[in-house]
There are 2 protein chains.
Amino acid sequence: MRSYDQYCSVAKSLDLVGDRWTLLIVRELILRGACRYTDLRNGLPGIASNLLADRLRELEQAGVLSREDAPPPIATTLFSLTPRGEELEPVLAGLFRWGIPLMGDQKPADVVKSHWLAGALEQMLVDHQPTGPEATIVLEVGNEPIILELRGGAVAVRTGRPKAADVKLTGPPMPIIGLLLGRLDPGDARTRVIDFQGDLAILDRLHASPGPAITLAADS
Amino acid sequence: MRSYDQYCSVAKSLDLVGDRWTLLIVRELILRGACRYTDLRNGLPGIASNLLADRLRELEQAGVLSREDAPPPIATTLFSLTPRGEELEPVLAGLFRWGIPLMGDQKPADVVKSHWLAGALEQMLVDHQPTGPEATIVLEVGNEPIILELRGGAVAVRTGRPKAADVKLTGPPMPIIGLLLGRLDPGDARTRVIDFQGDLAILDRLHASPGPAITLAADS
DNA sequence: CAGCATCCGCTTTGATACTG
DNA sequence: CAGTATCAAAGCGGATGCTG
């Protein structure tokens, strides 16, 4: 990309990561860790192969990612973020958050990947009942299950094979996200989302009102 | 811009603000507040006029900014961020910070505007001596003076005409930034920078070590 | 002058095919 | 698997012109 030729740190940042696809490559590496070329292609549906190669070269040049040949048994090239590249995480976190309201309508052309949703949920979810028991929520959505683990006030989000779940939600992405963020109540959800299993009360821990007593106290 | 067609909040964000120039327009509106078309052109040297018009239309459409005709005496159109647009501030803040290490070499082609530097400094500076007296630092750099006001632990950064200054630094941008961030000591600075006026000790308040006593305590 | 729209040459991107 | 090569289409930059 042609430089903006502005002595401004935003412009200098965008000189390096402002190209089309570039921040999505960083997204993949943040969410997935070290990736093969093919993993990146799978995580970036729509990218042209030559563009991916170009971008990887530019990002390596810029010190954002590094390329290393994995040891003999694997025999492949792995791309991963450098520490400098990982410093882009706050920028990506901002974009994950800002884009949530734009995810209302999943267009027919839209591809869904579970790890993208996991990244967004990680930015948005808080356990408002930190003293509660550990709990596991599993979402069957996208191409692989998403696992939310509530423990000590934190919500860990990952994808993969779940062992056990206190609640399991199966259905299309949008109503499930709305339900988790508290923008859709279980009544509406039942008509749009598909299937609940387990104790729905656990979902209340993700919403803002810890209980009537505190709500009343805030009102007084 | 063509959509990425990915059901991911980062991709959806970039569908709206990932185009060339778009985030720099948001930068201008965050730093400057409501702007006229001409103000934006001045703050975005290098942009083609038609492109600016296109982007403003797209951003208005996306709900990021609004256009309003100022009242009669002014008779111009003002562009300003909507609340939704202001929510991009964390993203811009991230880019301001991430780009600081890229500002080493001001290339001959680079344009400098003081309000860009002000935005970067606002993200980086902290007063480590919050109980100290109020102090004003003035930077004569770029096209207009930058005023740093230390008060109660906060560092307010603005551009404009200063009233009085405890320290005044005059010179090229890079060494002045280095000096403020503590990456360049006054000895080196004197050979590269320029001109000091006033009490340089105030600059120490911007650096990490609050004093020998605390440093020793931390070591023990 | 402020706020665009049009035109044109150049660069970047997208889609697909091909290779060590 | 990890890329190149090719070429058409889209996007961008710069100049200029138009309208209140």
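**A walk through the two chains**

Let us start with one residue: Tyr4(B) has a relative accessible area of 5%, so Tyr4(B) is buried. Like everything described here, that value comes from a predicted model. Which residue does the ring of Tyr4(B) pair with? Its partner is Trp21(A), and the two form an edge-to-face aromatic pair, with 4.8 Å from centre to centre and 75 degrees between the planes. This pair crosses between chains: Trp21(A) sits in the loop between H1 and helix H2 (22-32) of chain A, while Tyr4(B) belongs to the segment before H1 of chain B. Trp21(A) also counts as buried, because its relative accessibility is 5%.

How many aromatic pairs are there over all chains? The count comes to 2. In the other pair, the ring centres of Tyr4(A) and Trp21(B) are 4.8 Å apart and the planes stand at 75 degrees, so this pair is edge-to-face. It too runs between chains, from Tyr4(A) in the segment before helix H1 (9-17) of chain A to Trp21(B) in the loop between helix H1 (9-17) and helix H2 (22-32) of chain B. Tyr4(A) and Trp21(B) are both buried.

Now step back and look at how the chains are related.

Along with Val91(A), the buried residues in H6(A) include Leu92(A), Leu95(A), Phe96(A) and Trp98(A). What covers the buried residues of H6(A)? The cover includes H2 and H7 of chain A, together with H1, helix H5 (83-86) and helix H6 (89-99) of chain B.

Ser9(B) lets you see part of this from the other chain. This residue has its place in helix H1 of chain B, and Ser9(B) is buried, with a relative accessible area of 1%. Leaving aside neighbours within four places in sequence, Ser9(B) is in contact with Leu95(A), Phe96(A), Gly99(A), Ile100(A), Met103(A) and Ala120(A).

Next, take chain A as a whole. It has 220 residues, of which 47% count as buried, and its secondary structure comes to 10 helices and 7 strands. The C-alpha trace of chain A spans about 55 × 45 × 35 Å along its principal axes. Among its contacts between residues at least 6 apart in sequence, 56% join residues at least 24 apart.

Five of the strands of chain A make an open sheet in the order S5-S4-S3-S6-S7, with mixed pairing. At the edges are strand S5 (154-159) and strand S7 (195-198) of chain A, each pairing on one side only. On average, neighbouring strands of this sheet are turned by 15 degrees against each other, direction ignored. S5(A) and strand S4 (residues 146-151) of chain A run antiparallel and are joined by 6 bridges. Leu148(A), for example, has Val157(A) in S5(A) as its bridge partner.

Two helices of chain A pack on this sheet. Helix H7 (residues 114-124) of chain A touches strand S3 (135-140), S4 and S5, and its direction makes about 170 degrees with that of S5(A). Helix H8 (residues 173-181) of chain A touches S3, S4, strand S6 (167-170) and S7, and its direction makes about 145 degrees with that of S6(A).

In chain B, helix H7 (residues 114-124) is mostly covered: 9 of its 11 residues are buried, among them Trp116(B), Leu117(B) and Leu121(B).

Finally, look for the nonpolar core. Nonpolar side chains tend to be buried together in soluble globular proteins. The largest nonpolar core here has 124 residues, and the members touching the most others are Leu139(A), Leu148(A), Leu180(A), Leu139(B), Leu148(B) and Leu180(B). Beyond residues up to four places away in sequence, Leu180(B) touches residues including Leu121(B), Leu139(B), Leu148(B) and His207(B).

Conventions. Residues are numbered from 1 along each chain as its sequence is written. Chains are lettered from A and ligands numbered from 1 in the order in which they are written. This is a predicted model: local features need pLDDT of at least 70, side-chain atom pairs count only at pLDDT 80 or more; totals for chains, interfaces and linings use all residues. Side-chain values use heavy atoms; hydrogens and water are left out. Two strands pair if DSSP finds at least two bridges between them. Helices (H or I, at least four residues) and strands (E, at least two) are DSSP runs, numbered from the N terminus. Axes are lines fitted to C-alpha atoms, for helices over the stretch in contact, and angles run from 0 to 180 degrees between N-to-C directions. Contact means heavy atoms within 4.5 Å. A nonpolar core is a set of buried Ala, Val, Leu, Ile, Met, Phe, Trp, Tyr and Cys residues joined through side-chain atoms within 4.5 Å. Buried means under 20% relative accessible area, exposed over 50%, partly exposed in between (1.4 Å probe, protein chains only). Rings of Phe, Tyr and Trp (its six-membered ring) pair if their centres lie within 6.5 Å; planes under 30 degrees apart count as stacked, over 60 as edge-to-face and the rest as tilted.
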